[in-house]
Amino acid sequence: MNNGNNIITQPLWGPVGYDYVEYYYIPDIDAYYNVPGAQYVYLEKKHWMMVKDLPMRYKNFNFYGAHKVVMNEPKPYMNYRANKIKYAEYKGQHDQIDIRDSHDQKYLAKEDHPEHSKWISPQDMQDRQNRVTEQNRVAAQSSQDSLNRATEQTRVTAQGRQDSLNRATLQNNENRHNTQEQLNNQQLQNNENNHKH
């Protein structure tokens, strides 16, 4: 058994949901399909035949409509009789979604898939993610910059107000000092005038 991935070599009529497939057993025609070897396996006069194309008697068989049993074991056709009994219930069943009809990205990677043009490669996916990440970073930086500018503007405004307040306080102190000085001078002048008389 192999735990790898052979989705790319699975046929379009294969059922979705299996990353790795060794064999399909097709109860409707009592035949097998070996995915890694891309070969059909069928019984011909007590001999197992392995061929790229099934003989003419199967030409009208619709693989897309038939149920396929996934068998990840070596030479499952050697258990032909047991499989025939075990999976007889699947004869005539049309209960699977085939790879051809799937919109999943992992199946669109197959070049023969009808929607292959919509496939986004892992690199393209990564590039898209990187672009989104960068856009988010730039937007966050821009927001931070705006916040910093607003904070600085508020600080400058507050500092300007404080400076104005300080200047006003100094001016008031100076005015009070001048007024007091004028009063003192006036007082001295009055005292001097009184002394003369």
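I began with charge: the chain has 24 positive and 24 negative side chains, and the centres of the two sets lie 6 Å apart. I took Lys and Arg as positive and Asp and Glu as negative, leaving out His and the chain ends. Each charge was placed at NZ of Lys, CZ of Arg, CG of Asp or CD of Glu.

I noted that this is a predicted model, where local features need pLDDT of at least 70, side-chain atom pairs count only at pLDDT 80 or more, and totals for chains, interfaces and linings use all residues. Residues are numbered from 1 along each chain as its sequence is written, and side-chain values use heavy atoms, without hydrogens and water.

Next I looked up confidence (pLDDT, the predictor's confidence in each residue, from 0 to 100). The chain has a mean pLDDT of 89, with 97% of its residues at 70 or more. Strand β1 (residues 23–26) has the highest confidence, at 98, and helix α3 (residues 122–196) the lowest, at a mean of 84.

I then listed the elements, which are DSSP runs numbered from the N terminus (helices: H or I, at least four residues; strands: E, at least two). From the N terminus on, they run β-β-β-β-β-α-α-α. The chain is more spread out than a compact globule, because its radius of gyration is 45 Å, well over the 16 Å that the globule rule gives for 197 residues. That radius is taken over C-alpha atoms, and the rule is 2.2 Å times the number of residues to the power 0.38. The C-alpha trace spans about 160 × 30 × 25 Å along its principal axes.
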